[in-house]
Amino acid sequence: MTKRHGYALLAAILAVVVVLSAAVYIGVAADDGSGAGVADRRTSHTAAPASAGTWVGSWSTSPAGAEPGTERDGLAGRSVRNVVHTAAGGTSARITLSNLFGRQPLVVTHATIAVAATGNGAAAAPGTMRRLTFGGATTVTVPAGGQVMSDAVRVRVPHDVDVLVTTYSPTPSGPVTYHPRARQISYVADGDHAEDVSAAPYTGRSPYWRYLTALDVLSDEATGTVVVLGDSLTDGVTSTVGADRRWTDVLARRLRASAGSGGTPRYSVVNQGISGNQVLDAGPGRSADSPSGLSRFGRDVLGRTNVRAVVIDLGVNDILRNPDQVDPRTVTDGLRTLVRRAHLRGLRVVGATLMPFRGHRGYTDAREAVRRAVNAEIRAGRVYDAVVDFDAALRDPYDQRRLRPDYDSGDHLHPSDKGFRRMAEVFDLSDLKGSAPAEL
């Protein structure tokens, strides 16, 4: 063989190698790892998203405790259909399931996501039902005390709609991790009806969110997530059930309507409120139940998807639930610790003043003095990067120790729907823009 023929043969071999490599690469790229193309052709539409966008939080909640009455069997043999409301839309979705308060592994053999056909209903909109996978498998085991995120699934999720996330577990799993004050009705069915489009099997109604703690979307309308850490005022415990009138819901709609104009960032909003939550101490019950703001900050705030800014509205329960608490510095020091942790991640923090509560059963003049001292420190700029003054916006001009009557739900602590709307209206959206200031 001549040298010339040798070079030609070598070139031909290299060309074949390149072609084969390209074929292998294309084949691997086409396999999203869901196993859908091998195990179940019906779920081939669950392939990982190929479209452009940014992953953001569209909805989230904080696991708050172990559901009473589920200590032995959990919800074995039943389908749990959680109804959640989206703050941002996208072209793909993924979920997070939590077994934080479980004492044994949670086995989920069937999980689905769908857009709801109507608000507050259990029926799925036609063509939106998708089976979820976890690392390519349709069955997942969530360890006790742990959480898992699903694979991404292609589904168009609009903003400001209800989404159905359904899980089925066939075996006893012990205490159910839940969020008790959802202000949203979800549904339960006997047997495995995770993939049922109809609402017919879902005869059980529930005021809780169970297992589900996050819904993320690959968004073509938002570029980041605002996480709101709070107590019952953020949880929206006196807002109208099923109407999405928490102040964070209104804030999300304001951000979306103003996005890209006047310096308003294109962010979604997720609500990490837990009723009764304190900055410093855990709530009643098992030591892990209702974890304090300090103990849950890493998971519930820093662990959320693509966080760009943090809003904190905590402190009133540290005053109300601790009769010997007379030093406001313990509250503000705890809040500063949260801010420092956010700053380490480069996150800007907006903080709220504490609203008045005269007339509530926990009111005393001593507690009012602590509240005012905490607010004075916040307003002086010695706690947060920016301040939203909920106290000034909702207090009664004739008695600044009380909520204004039309902003009061009636218990003299929690706002009415009108009060929640006012909280969102006074929020300066431009305060969410930018990063944390440099620490000296």
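User: In which kind of crossing, right-handed or left-handed, does H4 pass H10?

Analyst: A crossing is left-handed if the near helix is turned anticlockwise from the far one by less than a right angle, and right-handed if clockwise; here H4 passes H10 in a right-handed crossing. This is a predicted model, in which local features need pLDDT of at least 70 and side-chain atom pairs count only at pLDDT 80 or more, while totals for chains, interfaces and linings use all residues. Residues are numbered from 1 along each chain as its sequence is written, and side-chain values use heavy atoms, with hydrogens and water left out.

User: At what angle do H4 and H10 pack, and which residues make the contact?

Analyst: Helix H4 (247-258) and helix H10 (residues 417-425) pack at an angle of about 45°, their axes being 8 Å apart (lines fitted to C-alpha atoms over the stretch in contact, with angles from 0 to 180 degrees between N-to-C directions). From H4, Trp-247, Val-250, Leu-251 and Arg-254 take part in the contact, and from H10, Phe-420, Arg-421, Met-423, Ala-424 and Glu-425 (heavy atoms within 4.5 Å). By class, this contact has six nonpolar, no polar and three charged residues (Ala, Val, Leu, Ile, Met, Phe, Trp, Tyr, Cys and Pro are nonpolar, Asp, Glu, Lys and Arg charged, the others, Gly among them, polar).

User: How many cavities does a search of the whole structure find?

Analyst: Rolling a probe the size of a water molecule over the atoms shows where empty space is left. The search finds five cavities of 30 Å³ or more (sets of 1 Å grid points, over the protein atoms alone, where a 1.4 Å probe fits but cannot get out; lining residues have an atom within 4 Å of a point). The largest cavity has a volume of about 220 Å³ (the space filled by probe spheres set on the points, which are joined across faces, edges and corners).

User: Which residues and elements line the largest cavity?

Analyst: Its lining holds 21 residues, of which Trp-59, His-85, Arg-246, Asp-249 and Asn-271 lie nearest the centre. Strand S1 (54-60), helix H4 and strand S18 (267-273) each supply at least two lining residues (DSSP runs numbered from the N terminus, helices H or I of at least four residues, strands E of at least two), and H4 gives the most, with five. This lining divides into six nonpolar, eight polar and seven charged residues.

User: What surrounds the second largest cavity?

Analyst: The second largest cavity, with about 40 Å³ of space, is lined by residues including Leu-75, Arg-78, Thr-167 and Tyr-211. The largest share of its lining, three residues, comes from S11, and by class the lining has six nonpolar, two polar and one charged residues.

How values were computed:
1 Å grid on protein atoms, 1.4 Å probe; cavity = no way out; pocket = protein on both sides within 12 Å on 5 of 7 lines; lining within 4 Å.
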